[in-house]
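Please keep the sequence and the model at hand while reading.

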Amino acid sequence: MLDTKRDTPPPAAGRAGMKKELPEHFKDYRHVWVFIELERGQVHPVSFELLGEGRKLADQLGVELAGVVLGPPGEATWHAVAEAFAYGADLAYIVEAPLLADYRNEPFTKAMTDLVETYKPEVLLLGATTLGRDLAGSVATTLLTGLTADCTELDVDTDGSLAATRPTFGGSLLCTIYTLNCRPQMATVRPRVMAMPERTNKPVGRVIQHEVPMVEEEIVTKALGFLSDGQSLSANLAYADVVVAGGLGLGAAENLKLVKNLARVIGAEYGCSRPLVQKGWMPADRQIGQTGKTIRPKLYIAAGISGAIQHRVGVGGADLIVAINTDPNAPIFDFAHLGVVTDAIRFLPSLTEVFTHRLSPHSRDKLAN
């Protein structure tokens, strides 16, 4: 005879066996929030990219999209609020305080966690920038909630949960992570992973001003000064319209000059795949891929790059990918728009020469248009 207490199969393990009905204490958490990263009067473009993605999530959930602005009193902070509406927000939360003039973990974490605990968002998105990563980790830890970092895709599951997809196992696999037992559901997304939404001249809508009591004497870290890196020679790969990159197929470090020469002629930024950084052939700020920079150029030329998934994650948003490789079975040909099966060392000089003769200084500026 069947003993129903002992012989009934256990419930299915994993997500498939979990209750789909949202717990009662989570039903107060609603709306999608995007942290508008404001630093020294400038909004980081990743905030606008996240508003575009947040708009899709909010529409799927049937809730509002909100921008969250933390900054000092003044015109720049309110300009960030106006830009949040221009890029799709339905409302904005703002905390103004002199302590928020420069980023410091303590006051920003206190302001954000106080907002979350008061207004209870369902989803909170931040850019995976230096500032955003630091803030996201502190907020998630303080709120005892889950955080999925460096996401490449965001979606809503059938039960309304945030489905956050990111690379794992060194980039060889993509996994989708759910924060089932905590709210808010938090995720960070690197710049240029999501498309930039269209800006509209939308008027400023509902703004909720929130006060968070903070005293300078209680903040351990102090801002002593500011040193701008605006004159540095670091790469601006993430927002370049045209990028040329080299991989191991170039054979030797000295052959990277072929990549640089082509980039110079067509007015492009240049970069490389991860193995070249590991070999010391190029600095880390020139690395493209999952563990480097994510790019969304109008034109991407990849020379001697095999196209492993780590690299594909970083370039998948490019409008036009031209791959040059001797191996016709290289993975990069699976996602490139145009493929050239040849030796990049011989092909790049010819390509550079053709562009040199065909392009005037003025037409180079128009190449990506």
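Arginine 104 and glutamate 216 form a salt bridge, with 2.9 Å between the closest N and O atoms. This pair links distant parts of the chain, 112 residues apart. The model is a predicted one. A search of the whole structure finds eleven salt bridges. Side chains of opposite charge can pair when their charged atoms come close.

**Arginine 104 and glutamate 216**

- Arginine 104 lies in the loop between strand 5 and helix 4 (105-119).
- Glutamate 216 lies in the loop between strand 12 (206-209) and strand 13 (242-246).
- Arginine 104 counts as buried, because its relative accessibility is 10% and the cut-off for buried is under 20%.
- Glutamate 216 is partly exposed, at a relative accessible area of 28%.

**Arginine 55 and aspartate 90**

- A salt bridge joins the side chains of arginine 55 and aspartate 90 (3.0 Å, N to O).
- Arginine 55 is partly exposed, with a relative accessible area of 21%.
- Aspartate 90 is partly exposed too, with a relative accessible area of 26%.
- Salt bridges link Arg55, Asp59 and Asp90 in a network.

**Glutamate 53 and lysine 56**

- The side chains of glutamate 53 and lysine 56 meet in a salt bridge at 3.7 Å, N to O.
- Both residues belong to helix 2 (residues 45-61).
- They are three residues apart there, so about one helical turn separates them.
- Glutamate 53 has 10% relative accessibility and therefore counts as buried.

- Strand 8 (residues 153-156) has alternating side chains.
- Leu154 and Val156 point to one face and are buried.
- Strand 8 runs antiparallel to strand 9 (residues 162-168), and four bridges join them.
- Within this pairing, leucine 154 stands opposite alanine 164 of strand 9.
- The two strands form a hairpin with five residues between them.
- Glycine 160, in the turn, has a positive phi of about 90°.

Notes. Residues numbered from 1 in each chain as written. Predicted model: local features only at pLDDT ≥ 70, side-chain atom pairs only at ≥ 80, totals over all residues. Heavy atoms only, no water. Salt bridge = Lys/Arg side-chain N within 4 Å of Asp/Glu carboxyl O. Buried < 20%, exposed > 50% of the residue type's maximum accessible area, 1.4 Å probe, protein only. Pairing = 2+ DSSP bridges.
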